[in-house]
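Student: Hi! Could you walk me through how the two chains meet here?
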Protein chains: 2
Amino acid sequence: MSKKIHKRDAEASKALIISSAIQLFSQKGYASASMDELAKLCGLNKAMVFYYFKNKKGLYEAVMAQVLEEIQQTIIEENKKYTKPIEELESFIHTYAQFACSHPYLPALLLKELSDSGAVVPEMLFSSMRQLFALFSDILKRGESKGCFGASKPMVFYFMILGTLNLIVTTKPLRIEASRKEDISLDTCAKCDIDEIADYLMKNIKKMLKENK
Amino acid sequence: MSKKIHKRDAEASKALIISSAIQLFSQKGYASASMDELAKLCGLNKAMVFYYFKNKKGLYEAVMAQVLEEIQQTIIEENKKYTKPIEELESFIHTYAQFACSHPYLPALLLKELSDSGAVVPEMLFSSMRQLFALFSDILKRGESKGCFGASKPMVFYFMILGTLNLIVTTKPLRIEASRKEDISLDTCAKCDIDEIADYLMKNIKKMLKENK
DNA sequence: CTCCTAATTAACTGGTTAGTTAATTATAGA
DNA sequence: TCTATAATTAACTAACCAGTTAATTAGGAG
């Protein structure tokens, strides 16, 4: 009875604003995204944005919170399916790769935010990245103590994975264009799909984590 | 005789504008950098910016051209000192790491630009990244044909190196802050210097490039 | 000393932006 | 049906922004 078809539905309006904002912020960045354009994009009055989110920064924080929460939950859920460190690691890489590819706003937002050291939402970015990193670090450390992996600097491996996958996703248009007008001798992996890249990355990270005899 | 002390020196003014713009663009990004603020920053009249660089985009292009040219030349010069692929690879990684650390605007500008797929200066970014990648790819391919390295996807390795080093540099403030208020169990490499990271990266990339028997 | 030109300036413009406000409309509950 | 309140709107504002313009200044060549 509470879920009739409303012409006025606060939750629906909020959700519509956020989903439109995700699109706009990831395409244009925080500064270039205009609230007038956002209102046009979601077909609501601009004042609604300020009514629900107070100001532009508030909306951006809600956007980042949702995006970071989503990837975090997805990775945590996937991680639960495995127990062996090597499988958990593979799950981490593949899940992030899949998510980044099907939600390309994530790498765009993340790289923009990280390149400013979290200029707009430092605390939230910080806590979210910390939690993901803690999960990742834990996988490596457990693998190490079980003898599956050699000693490693988890922070470097974390950035290696996120850096590579984020760049692969965000530069895809650039690399496809390159493959059209470039000589064939330079392979930009334009045709590689994300699972192929993730497999390749996993294979190489396994090599790095092999115990040195 | 041509290099007296001028009160009006076009070249000096241009250079001052560019160096201030590098600082401003890398801190704020293209959209948030204001030309009024730039003028204040370098102590010149705002109209000078438009006099020398036509418009904001023209200035940004000059900035990116200078920054990309600088890193490219530095890497090419360093590369000339070596002949063995493994030394060239080490030189590539260390030179990029050193440069990125002492010119932290490079990672900031590069990540911002790449996360937009080169929204502001696509052709220039494209050609510059292509040349650096060609050099890198060539090192791996020569190593492969000489038998020092196993087969590899250079594009993925390229992003692995640039992605890791750029993130290490841009997140440094964030990681230092983290190490102060976090539990010690989670190592964010806050104290690592860039050469240590570059060494570690090189060591692991060597493992990945070892021929599979 | 005298021009000519390049460098520099203050003041301005038109457009855009985030954010506000006060009035209006729909809805749920009594 | 009435009413309190939550959702929605159009119209507004003040600040800011990239870019222009026309006037001014300094320096070098002759």
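Tutor: Happy to. Contact here means heavy atoms within 4.5 Å. Keep in mind that this is a predicted model.

Student: Thanks! How many residues does the contact take from chain A and from chain B?
Tutor: 51 residues come from chain A and 51 residues from chain B.

Student: And what area do they bury between them?
Tutor: Chain A and chain B bury about 4,600 Å², with 71% of it on carbon and sulfur atoms. On the chain A side, A:Phe126, A:Phe159 and A:Tyr200 lose the most area to chain B, together 14% of what that side buries.

Student: Switching to charges, how many salt bridges are there between the chains?
Tutor: The count is 4 salt bridges. One salt bridge joins the side chains of B:Lys112 and A:Asp116, at 2.7 Å from N to O. There are also 6 residue pairs in polar contact between chain A and chain B, counting pairs with both residues at pLDDT 80 or more.

Student: Which elements of chain A give two or more residues to that side?
Tutor: They are helices H1, H6, H7, H8, H9 and H10 of chain A. H8(A) gives the largest share, 10 residues. By type, the residues on the chain A side divide into 26 nonpolar, 13 polar and 12 charged.

Student: New topic: what rotation superposes chain A on chain B?
Tutor: A rotation of 180° with 0.0 Å of shift along its axis does it, with an RMSD of 0.2 Å. That is the relation of a two-fold axis.

Student: Which residue of chain A comes closest to the rotation axis?
Tutor: A:Gly163, whose C-alpha is at 2.1 Å.

Student: Why do we say the copies meet through the same surface?
Tutor: Because 100% of the interface residues of chain A are also interface residues in chain B.

Terms used: Residues are numbered from 1 along each chain as its sequence is written. Chains are lettered from A and ligands numbered from 1 in the order in which they are written. This is a predicted model: local features need pLDDT of at least 70, side-chain atom pairs count only at pLDDT 80 or more; totals for chains, interfaces and linings use all residues. Side-chain values use heavy atoms; hydrogens and water are left out. Buried area is the accessible area (1.4 Å probe) that two parts lose on being put together, summed over both. A polar contact is a pair of N or O atoms within 3.5 Å; within protein, one must be able to donate a hydrogen and the other to accept it, and residues adjacent in sequence count only if both atoms are side-chain atoms. Helices (H or I, at least four residues) and strands (E, at least two) are DSSP runs, numbered from the N terminus. Ala, Val, Leu, Ile, Met, Phe, Trp, Tyr, Cys and Pro count as nonpolar, Asp, Glu, Lys and Arg as charged, and the others, Gly among them, as polar. Copies are superposed by least squares on the C-alpha atoms of residues with pLDDT of at least 70 in both.
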